[in-house]
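Welcome! Try each task yourself before reading on.

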Amino acid sequence: MSKLGGYAGSVLYVDLSKGEVEKKPLDLDLAKNYLGGLGASIKLAYDLLRPRTDPLSPENVVVIGAGPMVGTLAPGSSRVCAVTKLPANRAIGWAGAGGCSFGCMLKNAGYDHVVIRGRSPKPVYLKVFDDEVEICDAGWLWGKGVERTTEELWREHGRPTGVIAIGQAGENLVKFSMAFVDKTSTLGRGGLGAVMGSKNLKAIVAKGTKGVGFSDPKFVRLCYELFERIKRYSRLKEWQEFGLLMSLPVLPREVYSEKLKKARISCVSCPIGDKDIIEIKEGRFKGLIKYTSSAVNVAMPMLYGLPYDEAIKCVAALDDYGMDMFEFFAVIDTVNKLYDEGVITKEFLESKIEYNYDSLIEWAERVAYRKGFGNVLAEGLAGLVEKFGSRAMKCAPPMVKWLTAYIGPRGPVVWNRFGTMEFGQLVGQRGPHAAPGGSPTYFAVRPLQDFVTHLDRMGVPEDAVKRILPRPYEWPQGMRYGLVSPDDEMGLNVGRFTRYAEDWIMVLASLGVCARAQINRFYSAKLLADLFSALTGIDIDKRELMKCGERAWNLLRVANVREGFSRKDDEPPESWFAEPTFVDYCKGTVKITKEIVDMFLDDYYEERGWNKDGVPTREKLLGLGLEKVLEDLEKLGPAV
Amino acid sequence: MSKEIVIDVRPEKCTGCLICQLACSLVHHKLFNPSLAKISIKFVGDEREITFTEDCDRCGTCARFCAYGALEVKGGA
């Protein structure tokens with residue numbers, strides 16, 4: 001590809017079985033049709049992944065990507081993503097993370113994507129330093145946690161080297177292991193860590209000196225204007241001070257400020273600085289320093305009754321092993337209920353697992369190293385159901401696609417308003433995932449009129465806005481939901497809305513803009529189209545830009561239909577309909593029933609142009625220019 | 001080139017966003033390239049150190065972009 005602005009211009013292909021690396025030019029069509037970053041990573045993975053591949057086999061692929069705006073001055077643009085087949089549920093999943101320095105450094109090294117295949121015969125890490133690309137021995141790192149591994153690699157290669165690393169959980173193929181970016185951001189709930197572990201790939205490090213160019217100086221002007229707007233934002237200082245605690249106050253601000261906060265840190269190009277270095281300043285764990293994507297994350301075990309210092313130490317251990325805390329607590333909850341039911345007996349487990357620090361730390365180690373009964377927990381919720389059958393299904397927390405739907409009326413993130421983030425847990429293609437559906441309704445109980453502006457910002461066509469925000473007296477669907485008067489109005493068609501929320505996040509992740517609302521609220525589809533055009537030299541308007549996001553989401557859906565996923569996998573967990581239930585997002589007065597969720601699902605599929613079984617229609621795929629993908633789909637037979 | 005100005009440096013406020021390095025390389029090299037910047041943010045343990053190259057002309061671009069108050073043009077110019 002001739003050199004466009006924004007793109008590094010190359011894809012790095014790595015075959016760990018053969019020990020070979022190859023640099024290939026980035027395909028121009030990939031940039032034009034999928035923008036880059038996540039969208040292009042989905043396309044690269046789709047083309048290489050054969051259906052029904054074992055996620056932990058050498059044939060599985062890991063595609064890492066950083067979009068065209070990563071490494072530029074576009075505010076909050078450092079997002080990195082990964083696409084792979086996940087071992088927790090065998091879905092083709094995507095992961096996104098605040099890229100810290102990794103995304104910027106990968107681009108500066110000269111690569112938009114890294115495509116990893118095969119399995120190394122021994123532990124290795126991949127070094128990507130400009131044209132010096134090397135598969136290096138990682139024997140000296142194997143067995144170490146995320147923190148130590150990252151520190152050692154920084155010591156070896158200096159900073160600001162970007163590091164994506166796994167811990168012992170990934171090495172030992174724990175089904176809910178993750179990778180971590182610069183020991184701070186989580187990447188790949190659902191088992192990216194295990195996929196890397198199965199390949200004997202301990203880490204990827206990137207550093208470079210090549211820079212990122214731009215096509216038109218208008219890009220610089222737009223970035224400057226955006227910075228000025230952000231700096232004038234009346235609540236900027238508050239966001240810089242407290243970050244996600246502003247919207248999820250799981251920790252009292254005074255505890256955070258006085259007892260924990262060491263420093264706020266940023267991903268490259270972020271003026272909000274929404275990541276944390278935490279230091280415990282007193283008590284049993286005095287002196288513990290923890291990097292985290294948010295203080296909100298490290299406080300999460302407080303929901304299980306742990307004091308803040310034990311909660312932080314507990315998350316520090318889970319992060320260091322490299323595993324997802326929500327799944328960890330979900331398997332423990334399930335095991336304890338199975339114990340109560342007499343399904344798990346003393347033959348397996350001496351006693352129930354206690355929710356205190358010492359017990360949780362001990363079980364974290366057992367799971368990460370697959371010791372004793374920890375080996376059963378390491379298989380995740382799907383593993384428990386496989387071993388204990390339908391009884392485990394009944395004891396498991398609400399789950400979708402074998403991962404816990406962690407946002408709900410009974411927690412662990414206790415939230416009962418049914419917005420796009422909550423509904424998005426069903427249709428999220430890797431399973432429950434806060435990002436894709438979330439952004440529009442992260443902030444609760446916003447007045448309906450705010451959504452008109454918000455939908456316009458996301459580039460939603462006018463006719464769709466009317467479907468998403470129907471007035472009750474113009475709203476025949478109102479009757480379908482059992483609502484008979486304007487007072488009953490739910491006011492927000494969450495199913496239809498979620499389609500556009502997903503496309504919006506897809507565009508942001510493809511360009512490289514942060515998923516967090518506090519930064520992407522400054523962007524609009526129009527502004528992104530202008531930025532993309534000026535940066536790359538590829539002219540695009542907001543309609544075409546959003547279509548690129550839609551195209552990528554549809555391609556990912558087909559990838560998952562090839563794996564056997566359909567509507568049955570998007571069904572809500574039964575336990576959502578036991579008291580206390582979700583209630584409608586706007587007023588909180590209408591209980592969300594199975595019938596309502598089913599209708600939202602119907603509406604979501606209709607808005608997407610998919611059939612009732614959740615499969616993209618022929619017309620939709622042709623409209624998106626996915627003729628070859630349609631052929632792939634039709635080969636699966638008349639059932640789809 | 002702009003007249004030399006004085007920049008107040010407060011590393012304790014720096015979050016490591018590298019916006020200053022990106023802006024500097026943009027002004028001087030028409031490229032986003034932290035390695036070419038005349039200002040350098042070094043990560044030393046959990047702290048950050050801010051240094052300038054000898055040929056930095058104190059144009060103040062880095063400070064104008066800093067959103068954290070780690071770099072400020074003295075006198076608010």
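**Exercise 1. A residue in a loop**

Is R90(A) buried or exposed, going by the other C-beta atoms within 10 Å?

*Solution.* Keep in mind throughout that this is a predicted model.
- Step 1: find the residue. R90(A) sits in the loop that links β4 (80-85) and β5 (92-97) of chain A.
- Step 2: count its neighbours. There are 21 other C-beta atoms within 10 Å of R90(A).
- Step 3: apply the cut-off. A residue with 20 or more such neighbours is buried, so R90(A) is buried.
- Step 4: look at the backbone. R90(A) is not a glycine, yet its phi is positive, about 65 degrees.

**Exercise 2. Another positive phi**

Find where N200(A) is placed, and work out how it is classed from its C-beta neighbours inside 10 Å.

*Solution.* 
- Step 1: N200(A) belongs to the loop between α6 (192-198) and β12 (201-207) of chain A.
- Step 2: its phi is positive, about 60 degrees, although N200(A) is not a glycine.
- Step 3: N200(A) has 19 C-beta neighbours inside 10 Å, so it counts as partly exposed.

**Exercise 3. The whole of chain A**

Describe chain A as a whole, starting with how many helices and strands it has.

*Solution.* 
- Step 1: chain A has 28 helices and 21 strands.
- Step 2: compare its radius of gyration with the globule rule. The value is 23 Å, close to the 26 Å that the rule gives for 640 residues, so chain A is as compact as a globular protein of that length.
- Step 3: picture the outline. Along the principal axes, the C-alpha atoms fill a box of roughly 60 × 60 × 55 Å.
- Step 4: look inside. Of the 640 residues in chain A, 58% are buried.
- Step 5: follow the contacts. Taking those between residues at least 6 apart in sequence, 69% join residues at least 24 apart.

**Exercise 4. Two helices side by side**

Work out how α12(A) and α15(A) are oriented to each other, and which residues make their contact.

*Solution.* 
- Step 1: Two packed helices are described by the angle and the distance between their axes.
- Step 2: take the values. The axes of α12 (residues 325-340) and α15 (residues 380-388) of chain A come within 9 Å and cross at roughly 25 degrees.
- Step 3: draw the conclusion. Angles under 35 degrees count as roughly parallel, and α12(A) and α15(A) are therefore roughly parallel to each other.
- Step 4: list the contact. α12(A) brings E327(A), A330(A), V331(A), T334(A) and L338(A), while α15(A) brings G380(A), L381(A), L384(A) and F388(A).
- Step 5: sort these residues by class. Six are nonpolar, two polar and one charged.
- Step 6: widen the view. The buried residues of α15(A) are G380(A), L381(A), A382(A), L384(A), V385(A) and F388(A). Besides α12, they pack against α14 (374-377), α16 (390-395), β16 (399-400) and β17 (403-404) of chain A.
- Step 7: go past the end of the helix. G389(A) follows α15(A), with a positive phi near 70 degrees.

**Exercise 5. A three-stranded sheet**

Trace the open sheet that contains β13, β14 and β15 of chain A.

*Solution.* 
- Step 1: the strand order is β13-β14-β15, and the pairing is antiparallel.
- Step 2: β13 (261-265) and β15 (289-292) of chain A are the edge strands, each pairing on one side only.
- Step 3: from one strand to the next, the twist averages 15 degrees.
- Step 4: zoom in on one pair. Four bridges join β14 (residues 275-279) of chain A to β15(A), and I277(A) has Y291(A) as its bridge partner in β15(A).

**Exercise 6. Where the chains touch**

How many residues does each of chain A and chain B give to the contact?

*Solution.* 
- Step 1: chain A gives 27 residues and chain B gives 19 residues.
- Step 2: on the side of chain B, helix α1 (residues 19-29) gives the most, with five residues.
- Step 3: that side of chain B has 13 nonpolar, five polar and one charged residues.

Notes. Residues are numbered from 1 along each chain as its sequence is written. Chains are lettered from A and ligands numbered from 1 in the order in which they are written. This is a predicted model: local features need pLDDT of at least 70, side-chain atom pairs count only at pLDDT 80 or more; totals for chains, interfaces and linings use all residues. Two strands pair if DSSP finds at least two bridges between them. Axes are lines fitted to C-alpha atoms, for helices over the stretch in contact, and angles run from 0 to 180 degrees between N-to-C directions. Angles under 35 degrees count as roughly parallel, over 145 as roughly antiparallel, 65 to 115 as roughly perpendicular and the rest as oblique. Two residues are in contact if their C-beta atoms, placed from the backbone, lie within 7 Å. Ala, Val, Leu, Ile, Met, Phe, Trp, Tyr, Cys and Pro count as nonpolar, Asp, Glu, Lys and Arg as charged, and the others, Gly among them, as polar. The radius of gyration is taken over C-alpha atoms; the globule rule is 2.2 Å times the number of residues to the power 0.38. A residue is buried if 20 or more other C-beta atoms lie within 10 Å of its own, exposed if 12 or fewer, and partly exposed in between; C-beta atoms are placed from the backbone.
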